[in-house]
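Dear colleague,

I am passing on the model we spoke about, with my notes on it below. Please keep the structure open while you read.

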Amino acid sequence: MARADERSYVRVLVVLDTTILIIALLIGYVARFGDDEPSGSEIPYVLVAPGLVLAWLISLKALGCYDDRVIGYGADEYRRVSSASLRLAGAIAIIGYIADVGVSRGFLGISFAVGTVGLEVARFAARKRLHRARSLGAGWSRKVLVVGDTAHVLELVHTLRREPYAGYQVVGACIPDALLAPVAQRLGDVPVVGSFRGIPEAATAIGADTVAVTASGELTATRLRRLGWQLEGTGIDLVVAPALTDVAGPRIHTRPVAGLPLIHVEAPEFRGVRKLVKGLVDRSVSSLALAVLLPLIAFIALAIKLDSRGPVLFRQVRVGRGGQEFGVFKFRTMVVNADALLAELTARNETDGLMFKMRHDPRVTRVGRLLRKWSLDELPQLVNVLLGQMSLVGPRPPLPSEVARYDGDVARRLLVKPGMTGLWQVSGRSDLSWEDGIRLDLYYVENWSLAADLTILWKTFGAVLNGRGAY
């Protein structure tokens with residue numbers, strides 16, 4: 001069933017891509033020639049267009065844009081789509097120059113520009129729909145049999161279920177023979193369907209299309225190699241999940257040494273040119289945003305003043321990079337004596353860890369609830385970004401009382417500037433547990449990049465409009 005769903009999704013992508021390409025070529029033709037026939041040209045565009053669509057689809061196929069290993073999750077799908085389009089454009093330009101073919105460069109340029117952007121947008125829309133279906137337990141997902149020691153199996157199951165939209169649905173587990181009981185076993189809610197002796201048979205019996213191998217002392221290199229041989233021709237994929245987690249792809253490089261696929265992990269980058277560029281982008285964007293949003297900021301300030309007594313802005317001490325304290329600016333969303341009332345509400349805290357969160361906090365004003373729902377109370381933090389105290393994207397700025405109770409791992413959040421938005425905001429905001437919030441912050445610290453920042457900024461608009469987790 002999973003394979004049929006996968007093929008159905010691929011067919012949808014092909015139809016979607018074909019439609020986008022036809023529209024792009026029509027736009028390119030109309031933009032270049034209008035309603036008139038190309039004057040003085042012997043090129044039959046009515047034949048060129050279908051040939052170009054076919055060549056474009058072949059290029060997408062050749063670069064693996066319909067490969068189930070890349071579609072539906074991760075940035076590689078988008079990179080391959082762009083690469084296939086750019087390579088085809090380059091090839092056509094070279095062939096056209098060598099063969100002296102008189103196809104309009106304006107037509108080709110507009111068509112490829114519109115087509116490439118259209119393909120990316122269509123893939124994004126298709127992926128979002130697939131992710132929503134997967135989160136609801138539907139849609140195309142891989143059926144996964146997890147193999148390994150009990151502790152590692154449970155850890156991998158938890159990791160895969162943490163992001164259900166990734167499309168890995170665990171349907172069973174195989175554990176070492178020594179741990180196998182004579183009666184039916186379950187690891188949490190995952191059924192144990194066999195031992196290491198019959199992994200291919202167990203995968204076939206439960207309809208798994210993927211075997212995910214995690215750490216185990218009994219799974220030696222020889223046994224793992226033989227397992228790969230046994231799965232050949234069965235249509236069942238073999239993936240190996242290393243113990244290394246929360247490390248992004250650009251930091252990981254596989255190097256074959258003496259027949260061993262050694263994984264080299266690059267150290268996180270906290271200095272250098274990329275950091276300088278990030279700082280320049282932060283200050284440029286924040287200054288532009290302040291200028292553009294000035295009327296909105298003035299309107300919000302007036303609304304706060306009319307709604308309740310007290311100052312418009314709220315300045316709170318937070319901890320930034322390197323443990324340095326600074327005053328973060330926010331629009332006031334609570335009554336003026338909110339800190340004094342906190343002690344009375346501590347027992348009603350709705351989150352774990354070191355933060356206080358309460359869905360229906362009586363200290364929040366009427367205007368404050370609207371500002372929090374749309375994250376407008378954080379607009380004054382653009383001033384903090386302009387002053388170099390914060391970044392547009394980064395970990396959540398913590399309170400000094402929280403930092404005082406940090407352990408060694410959590411303190412790594414202070415290696416970079418805190419951000420106005422971050423993975424915590426685009427992943428659920430206040431609905432996240434303390435543990436998940438810290439995990440996302442540490443992931444960002446270890447794996448930040450300019451491309452990731454742009455992605456998070458883009459997703460922030462969707463999170464703000466959705467309003468989920470904002471209170």
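This is a predicted model: local features need pLDDT of at least 70, side-chain atom pairs count only at pLDDT 80 or more; totals for chains, interfaces and linings use all residues.

In which sense do strand β1 and strand β5 pair, and over how many bridges? Strand β1 (residues 142-147) and strand β5 (residues 210-213) pair in the parallel sense, and four bridges connect them; pairing here requires that DSSP finds at least two bridges between two strands.

Residues are numbered from 1 along each chain as its sequence is written, and side-chain values use heavy atoms, with hydrogens and water left out.

The protein as a whole contains 16 helices and twelve strands. Of its 471 residues, 41% are buried, where buried means under 20% relative accessible area, exposed over 50% and partly exposed in between, with a 1.4 Å probe and protein chains only. Among contacts with a separation of 6 or more, 71% are between residues 24 or more positions apart, a contact being heavy atoms within 4.5 Å.

The strands named above belong to an open sheet of six strands with mixed pairing, in the order β3-β4-β2-β1-β5-β6. Its edge strands, each pairing on one side only, are β3 (186-187) and β6 (237-240). Towards β5, Val144 stands opposite Thr210 and Leu145 stands opposite Val211; towards β2, with which β1 runs parallel over six bridges, the bridge partner of Val146 is Ala173. Strand β1 is mostly covered, since five of its six residues are buried.

Helix α5 (residues 150-162) touches β1, β2 (168-175), β3, β4 (190-195) and β5, and its direction makes about 175 degrees with that of β2; helix α7 (residues 221-231) touches β5 and β6, at about 160 degrees to the direction of β6. These angles run from 0 to 180 degrees between N-to-C directions, along lines fitted to C-alpha atoms, for helices over the stretch in contact.

In the loop between β5 and α7 sits Thr214, which counts as buried because its relative accessible area is 11%. Leaving aside residues up to four places away in sequence, Thr214 touches Val146, Val147, Gly148, His152, Val153, Leu156, Leu219 and Ala241.

Elsewhere, helix α9 (residues 294-307) has 14 residues and reaches 20 Å from its first C-alpha to its last, close to the 20 Å expected at 1.5 Å a residue, the expected span being 1.5 Å times one less than the number of residues. Which residues of α9 are buried? They are Ile297, Ile300, Ile304 and Asp307, and they lie on the same side of α9 because they cover an arc of only 95 degrees around the axis, taken from the directions from the helix axis to the C-beta atoms. On the other side of α9, Leu294, Pro295, Phe299, Lys305 and Leu306 are exposed. The cover over the buried residues of α9 includes α8 (273-292), β10 (325-331) and α11 (366-373).

Lastly, Ser375, in the loop between α11 and α12 (381-386), has a positive phi of about 60 degrees although it is not a glycine. Ser375 counts as buried, at 11% relative accessibility.

With best wishes

Terms used:
Helices (H or I, at least four residues) and strands (E, at least two) are DSSP runs, numbered from the N terminus.
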